[in-house]
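The structure is shown first, and the description follows.

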Amino acid sequence: RRYSSNILIDSLGAQAYTDPSLYEKERRTLLGPSWQLFTHESRLIADSDKAPATYVAETFCGWPAIAVRSSKTGEIRAYHNICRHKAGPLEWDNSEGKCALHGLKCKYHGWTYSVDGELRGVPGFGEDGRTQLNKSDYNLWPMRVAVWRGLVFVQALPSPGVPMSGPEANDAFVRENAGFCKHLEEVPLEDFEFKIAKTHSLKCNWKVYVENYLEGYHIPTIHPGLSKEVDMQGYRVKVHDGFVEHIAPTLPEAGSAYKGLWVWNSPTLAVNWYGAGLSLERIVPMGVGSTEIRYMFLYHKESGAPQSEWQHALDTSKEVTEEDIGVCEAVQKGLDSGGYISPGKLSPRHEQGIAYFQQIIRDTHAK
């Protein structure tokens, strides 16, 4: 879809960013069925000598999730991190490591599951030991998981018709994100290794931050450091099918932290590639008025770039993110106030990406 420079488009109204019922509709009809980046494959290193599987557990968009990799087969599977007994966690949120010898064990009452999600043990469940429970009726609820070029994606609310893991699930991810996958062919993802994760908490609706990422209109006023190095006359945003690309030419004196590829993939992923560094930026809704930005920073294995270059990239990311957090939280206050009485118009030069995203949201809210 393309947006003419001769047409002014209304932005979304305040209700879209403040109404809990609309947020819940987004969870159920957009975020849940969409592929969400969950982790990097290297964080799930199988070790058959010490554990049956490794895991990563975290909550995204309100869904506690756990990805496990079998040490025996190497296959990665994903589940709701919820015991079928009383909804206790199998592993603590925001944790990773080796599974216990039996597989997965609920932290609440000790029910145990295999890494294939099958219920295996219900300790102390019946007083006389004769209580019959059909364990096959209480296997873990699965999420669909796909691995693409070292990145692990999950669907919390998968549609039927495709296996929950394996080659067919991987193919489904590529098919459903074909434009994005092709666009990233030039990025040597396999040559990067995971280095560090950083999380930032924001008091704003997730869409406020997405829209902030989708335009460079605010760079001169919010990012003084960045504006000195980016050629704003040549800056533009290009809308594709399913993703949005920033074309940001740099000035001759610009540092390496600003030279690269900047892409948003609907609805919550941003990929920022700058030479020897790569940041995967996950925009994670935590509630109608709260969001987390979860970065995974990767570094080229054989770049030979000095540590100072890597540190400069981290410092730059921190500076720009903190500036964005400040303005996004201020925007949310304005939306919450009741004073944003009617929506403004989107810039036909700078905000085509926002127009594209907001149409996705309008379609979601209309379902």
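A residue is called buried when its relative accessible area is under 20%, exposed when that area is over 50%, and partly exposed in between (1.4 Å probe, protein chains only). The model is predicted, so local features need pLDDT of at least 70 and side-chain atom pairs count only at pLDDT 80 or more, while totals for chains, interfaces and linings use all residues. Residues are numbered from 1 along each chain as its sequence is written, and side-chain values use heavy atoms, with hydrogens and water left out.

**Salt bridges**

A salt bridge is a side-chain nitrogen of Lys or Arg within 4 Å of a carboxyl oxygen of Asp or Glu. By this rule the model has 16 salt bridges.

Helices (H or I, at least four residues) and strands (E, at least two) are DSSP runs, numbered from the N terminus. Lysine 207 is buried at 0% relative accessibility, and glutamate 26 is likewise buried at 0%. Glutamate 118 is partly exposed at 37%, as is arginine 120 at 47%. Salt bridges that share partners also join Glu58, Arg282, Glu292 and Arg294 into one network. Lysine 182 and glutamate 185 are both exposed.

**Pockets**

On a 1 Å grid over the protein atoms alone, a pocket is an open set of points with protein on both sides within 12 Å along at least five of seven lines, and its lining residues have an atom within 4 Å of a point. A volume is the space filled by probe spheres set on the points.

The largest pocket holds about 510 Å³ of space. It is lined by 21 residues, with Glu211, Glu215, Val331, Glu351 and Ile354 closest to its centre. Helix 8 (307–337) is among the elements that give two or more residues to this lining, and its four residues form the largest share.

The second largest pocket has a volume of about 430 Å³. Of its 21 lining residues, Leu30, Ser34, Glu176, Gly242 and Ser266 lie nearest the centre. Here the largest share, four residues, comes from helix 9.

Technical notes:
On a 1 Å grid over the protein atoms alone, a cavity is a set of points where a 1.4 Å probe fits but cannot get out, and a pocket is an open set with protein on both sides within 12 Å along at least five of seven lines; lining residues have an atom within 4 Å of a point.
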